[in-house]
Amino acid sequence: MTEPTPTTRAGFVAVIGAPNAGKSTLVNRLTGSKVSIVTQKVQTTRFPVRGIAMAGEAQLVLVDTPGIFTPRRRLDRAMVASAWGGAEDADAVVHLIDAQAELGAEGREGTAADRRSAEDTETIIANLKATGAKAILALNKIDGMRRDTLLALSQRLFDTGVYSQVFMISALSGDGVDDLKAHLAGRMPEGPWLYPEDQAADVPARVLAAEITREKVYLRVHEELPYSAAVETTAFDERADGSARIEQTIYVERESQRPIVLGKGGQTLKWIGQKAREELTLILDRPVHLFLTVKVDPKWQDSRALYAQFGLEFDV
């Protein structure tokens, strides 16, 4: 007697939340590989990165959306529109909330960043109510928090009526993530897998390369440089010897920011290039020749080409 073939499942999971809630860390944890860039700065994810996670016979295509916040500039509006677009098309929506920031906003010790995070969470809940959508609540960064405090917070949020389930997790350590993953697997519709089993992401290589370099820029100069830098991959060539030759431009908004990225004697740019090249060599599994240029462009945020590179709508 032959064993029945297990039914395969596949679907899309949108991970939404305020900036710095830990969405990229969660996507990287679920896929087991580096798909989204993770830095100390909020709003580092600018376009929906799809990570592919396997859970038994289920394939989860994770849409790591930009942080949802109150938009002020064109780029902000494009990012928020992209985030909600990713949520609307998904088979399941996970609303990730920074539990520590949420509790911090309630007390006197809370920082301005905590209060902004809580306001953004309220905006997301209001949007979910308006659309009638149900999300899965994932309380993140629970490390070291008291259980009774967490239970009270989860009850308060669940009482808003927009959540179907609640999970308490630490995307950083992995606590609770397997339970969330198993639940998501069960929510996926039956059907063939959408991607090969061994593929971790469907991000075009030139876009991933730009994001890796942008991560290194922020890791190195995050104190001196606000959100006024972008990276564009201007050339990506496969060479006959199997290596990749990549040319990239780092855009800053003001002339005074160019020396920050270059560093004394070009040392900062050299460090950025070295770290980006090392990581790209691992991810692309081939030698990488990386060439970086720093340009001043006060209007880079109005560049249609950059928006197109990241799949963002320019006219939102």
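This is a predicted model: local features need pLDDT of at least 70, side-chain atom pairs count only at pLDDT 80 or more; totals for chains, interfaces and linings use all residues.

Residues are numbered from 1 along each chain as its sequence is written, and side-chain values use heavy atoms, with hydrogens and water left out.

Helices (H or I, at least four residues) and strands (E, at least two) are DSSP runs, numbered from the N terminus. Strand β5 (residues 135-140) is largely enclosed by the rest of the structure, because six of its six residues are buried (under 20% relative accessible area, 1.4 Å probe, protein chains only). Ala135, Leu137 and Leu139 point one way from β5, while Ile136, Ala138 and Asn140 point the other way.

Two strands pair if DSSP finds at least two bridges between them.

| Strand | Partner | Bridges |
|---|---|---|
| β4 (residues 92-98) | β5 | five |
| β5 | β6 (residues 163-168) | five |
| β8 (residues 244-252) | β9 | nine |

Leu139 of β5 stands opposite Ile97, and its bridge partner in β6 is Met168. From β5 the chain crosses through helix α5 (residues 147-158) to β6 in a right-handed β-α-β crossover (clockwise from the first strand over the helix to the second, with the strands pointing away from the viewer).

An open sheet of three strands has the order β7-β8-β9 and mixed pairing. Its edge strands, β7 (229-238) and β9 (288-296), each pair on one side only.

Notes: Buried means under 20% relative accessible area, exposed over 50%, partly exposed in between (1.4 Å probe, protein chains only).
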